[in-house]
Amino acid sequence: MAWIVLVLSGLLETAWAIALDRSAGFSRPLPSAVFAVSLVLSMAGLAYALRDIPVGTGYAVWVGIGAVGTALVGMLALGESTSLPRIGCLFLVVAGVVGLKVFH
C-alpha cells in the first residue's frame, strides 16, 4: 500500500507543479487552490509512505515521478522542447526510479 500511495503522491507533485505555473504568482484563484490542495495531499501521501519505505528511496522515487510527470506535461501540453536528448534524460530518471524500487 505504501508504494501505491507514494506513486499517487508523485503524480500529485506533478499536479501542484503545473498548478503553480498556471497560478501566475498566485494571482489566479483556481490554479492557486489546486496548487495548495495537491501540495498538501502530495506531502501527506509522502509522509504516509515513509512509514514503510526508507526516506532516501521514498523521497527519490517521489521526486523522480514528479519531475518526469511535470516534464512530460510540459512537453505534451505546454509546448516545451521534445528533443531527443531531453527525452533520453527522462528515460534515465525513470530507470533510476525503477531501479530504486527493484533494489529496495
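The legends below describe close-up views of a predicted model.

**View 1. Packing of helix α1 against helix α3.** In this view α1 and α3 pack with their axes 8 Å apart and at an angle of about 40°, and the two helices are therefore oblique to each other. The crossing that they form is right-handed. On the α1 side the contact is made by W3, L6, V7, S9, G10, L11, E13, T14, A17 and I18, and these meet T57, G58, V61, W62, V63, I65, G66, G69, T70 and V73 on the α3 side.

**View 2. Crossing of helix α2 with helix α3.** Helix α2, which spans residues 29-49, and helix α3, which spans residues 55-77, have axes that come within 10 Å and cross at roughly 150°. Because an angle over 145 degrees counts as roughly antiparallel, α2 and α3 are described here as roughly antiparallel to each other. The crossing in which α2 passes α3 is right-handed. Helix α2 contributes S42, M43 and L46 to the contact, while α3 contributes G58, Y59 and W62. Four of the residues in this contact of α2 with α3 are nonpolar and two are polar, with no charged residue taking part.

**View 3. The largest nonpolar core.** The residues shown are A2, W3, L6, L46, A49, I53, V61, W62, I65 and V97, which together make up the largest nonpolar core, a set of 10 residues. Two or more residues of this core come from each of the elements α1 (2-22), α2 and α3.

**View 4. Surroundings of the core residue I65.** I65, one of the residues of the largest nonpolar core, is shown with the partners that it touches once residues up to four places away in sequence are set aside, namely V7, G10, L11, T14 and V97.

**View 5. L90 in helix α4.** L90 belongs to helix α4, which covers residues 84-102. With a relative accessible area of 14%, L90 is classed as buried, because the cut-off for that term is under 20%. When its neighbours within four places in sequence are left aside, the residues in contact with L90 are V68, A71, L72 and M75. As a reference for distance, L90 and V40 are 50 residues apart in sequence, and their C-alpha to C-alpha separation in space is 26 Å.

Methods
Residues numbered from 1 in each chain as written. Predicted model: local features only at pLDDT ≥ 70, side-chain atom pairs only at ≥ 80, totals over all residues. Heavy atoms only, no water. Axes fitted to C-alpha atoms, helices over the stretch in contact; angles between N-to-C directions. Helix = DSSP H or I, 4+ residues; strand = E, 2+ residues; numbered from the N terminus. Parallel < 35°, antiparallel > 145°, perpendicular 65-115°, else oblique. Left-handed = near helix turned anticlockwise from the far one by under 90°. Contact = heavy atoms within 4.5 Å. Nonpolar A, V, L, I, M, F, W, Y, C, P; charged D, E, K, R; others polar. Core = buried A, V, L, I, M, F, W, Y, C linked by side-chain atoms within 4.5 Å. Buried < 20%, exposed > 50% of the residue type's maximum accessible area, 1.4 Å probe, protein only.
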